[in-house]
Amino acid sequence: MVAVPIKNVLTTCPFCGTGCNFYLKVKDGLPIGVLPSRNHPVSRGRLCVKGWNAHEFITHPERLREPLIKTAKGLRPASWQKAIKFTADNLQKIRDKYGPDSIGVIASARCTNEENYLFQKFTRAVLGTNNIDHCARTCHSPTVTGLMRSFGSGAATNSIDELPDAKCILIVGSNSLEAHPIIGWRIRTAKDKGSTIILVDPRKTDIGIFSDLHLKILPGTDVALINAMMNVILAEGLEDKDFISRRTEGFLELEEAVKKYTPEYAQEITKVPSDLIIKAARTYAKTKPASIVYGLGITEHTKGTDNVSSLANLAMLMGNVGKPSSGVNPLRGQCNVQGSCDMGALPNYFPGYQLVEDEVVRNKFEEAWQVKLPPKKGMTSSDLFKEMLAGKIKALYVIGEDIVMSEPNSTHIIEGLKKLEFMAVHDLFMCKSAEFADVVFPASSYAEKDGTFANADRRVQRLRQAFKPMHGTLPDGEIIIRVAKAMSFDLETKNPKEIMDEIARLTPIYGGVSYERLDSENIQWPCPDKTHPGTKTLHQKEFSRGRGKFFAIEYRAAEELPDEEYPFILSTGRILFHYNVGTMTQRTKILSREFPDNFVQINDEDAKRLEIKNGDFLKVSTRRGALNVKAKVTPGISEGVVWMPFHFAQSMTNFLTNDVFDPLSKIGEYKVCAAKIEKI
Ligand code: SF4
């Protein structure tokens, strides 16, 4: 008997923005397992439980294997030719009847850079609108907006592999060991090397177990806390005066604004004891190098941009920017959410954060693509969905996202989808949003295509095709090329390598990126030319905007606070065993076995008062809906706060969340709304 050889294909994990690399093991043309890459600078031979199981969902029997078109009897199989023509005809008809801005495109942080580049090119050059956005709007749009206005670049300032050398790590609103486990492990390494860990979080997450200080903050009060830390630093003269005068502007306004935020005043707002605030401020100020790491606990608020700029203020106050193992480091969510932003899957930017309203930039793209482009910025996804509900958006093209599950207030999203005249969806599986579509395309997974992802520290890395697309499926990029062709536009690209060459030609921060280089290195942007090594640490000599800008920020409360009827704060987030809307992880046996269903965490004192025991079924209600879920009683969460994950299609937490938005970044307030708990 001849043994069947196993092929090991080096690729990038399709789950979180940490960007671990592994070898996908392929036998007989099918994935059978993964092996971590020892040399990878981020993962260093390790993976989390999701990465170890990243092969299983690919061959799940529920994979979509043929296009579907809506009929009177529901969605029914159709040929590729028919589905492509149906899509092109409908988009054309709606564009001609209502104008290009009546169409919206939701791109995907699960797709490659090359595919996102094609989506935005298709949206701008073929549909004629800038109405393109993606899930960064629901996770790190405040990072892009906040860090852009403070530093001039909306990305992580430093590298993940610098974390173990930080002497102090301030973690704000990030459950890193569950949401970004390998980054959590690098933080643990820093701790083992003597680093002081300060955690700011309403919950004592696993990181809280080994952190030196835990500031159990009331959700939505971060600005008050950070202002109070700066108040302490300034009162004690600990600020980096030289850095402030040489590298920043706006300091006097900041100094004035934080005067009233004494630790005692902040205690009233945040519920963090003033002595802990003082201790945290002194520790962060006196320990160098000090790194700030943050997650969605900072961003998913109506004040998300303010929160991000507050952290930027704190880092600049101590001169902690532009140096190794320091800076302000957002932990980006999905595998390629950084890359989707980089590629211009945003309503206001071409690839590389080049403004669509800048005539010189627009002329460059018009010349390259040989087409007239729309001059005004488009709508964010939050605005698109609002206009969809108002009946003004007539068609939606959603690629690899499940907006019914991921957007706040799912009921509003469903009502909006029902008003559309046409909706197209690409996905691996039949997701909640696809149920409302007129056409559904079966897409190929990360293992079936070439391309690149950019991770949380701006690292551009290869995805390598391990085997041909599963029978009946096509890569998302190929589907878009076919739809464009049916609309008489040739996207003029043949393969992902050539698309990257086009990206490099038109995108200065990716100027030196090529598949030849990516074969032997992964490159952190900005990398302006072929001889540039890439950039581990941003803003070393000067900020991308010249001087770093302090913003004087006042604390403003969340939009919906507890009251008599809804006395709890409901906050939401991720768990280790599942990933975002669960499309892939809920189809992975081990992951589903560990956490098969939704739950609500409740403080043990609150539980005692309400006579709730661990495992009891509770009805969690907000002004938008109600869900019945099991109780997880824990002392680790603050009194008056309950917390739920949002991964479960059978019990969608976003039926409860509040669709109010940050006016600057347009992110929804997933982290704070008022809720009621009843035992059933
Ligand atoms: Fe994949 Fe993130 Fe886990 Fe790394 S930490 S293996 S990138 S899910």
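Contact here means heavy atoms within 4.5 Å. The model on screen is predicted.

**Stop 1: helix α11**

Select residues 263-270, which form helix α11. Colour P263, A266, I269 and T270, the buried residues of this helix. Where do they sit around the axis of α11? They lie on the same side of the helix, because they cover an arc of only 115° around the axis.

Then step to K271, which follows α11 and has a positive phi, near 70°.

**Stop 2: the nonpolar cores**

In soluble globular proteins, nonpolar side chains tend to be buried together. The largest nonpolar core in this model has 71 residues. Select L91, F122, W369, Y397 and Y510, the members that touch the most other members. Next select residues 113-127. This is helix α3, which gives the most to this core, with 7 residues.

Keep W369 and show what surrounds it. Leaving out residues up to four places away in sequence, W369 touches Y117, Q120, K121, R124, A125, F350, F489, E502 and L506.

There is also a second, separate core, made of 46 residues. To find it, select V200, M230, A280 and I292, which are included in it.

**Stop 3: the ligand**

Select the ligand and then the residues that surround it: C13, F15, C16, T18, G19, C20, L47, C48, K50, G51, P181 and I182. How many of the residues in this shell are nonpolar, polar and charged? The shell divides into 8 nonpolar, 3 polar and 1 charged. Show the helices as well: α1 (49-52) and α6 (181-192) each supply at least two residues of the shell.

**Stop 4: two cysteines**

The structure holds 0 disulfides. C135 counts as buried because its relative accessibility is 9%, and the limit for buried is under 20%.

Finish at C673. Which cysteine holds the sulfur closest to that of C673? It is C139, but the distance of 19 Å is too far for a bond. C673 also counts as buried, at 1% relative accessibility.

Notes:
Residues numbered from 1 in each chain as written. Predicted model: local features only at pLDDT ≥ 70, side-chain atom pairs only at ≥ 80, totals over all residues. Heavy atoms only, no water. Near = heavy atom within 4 Å. Helix = DSSP H or I, 4+ residues; strand = E, 2+ residues; numbered from the N terminus. Nonpolar A, V, L, I, M, F, W, Y, C, P; charged D, E, K, R; others polar. Buried < 20%, exposed > 50% of the residue type's maximum accessible area, 1.4 Å probe, protein only. Arc of directions from axis to C-beta. Core = buried A, V, L, I, M, F, W, Y, C linked by side-chain atoms within 4.5 Å. Disulfide = S-S within 2.5 Å.
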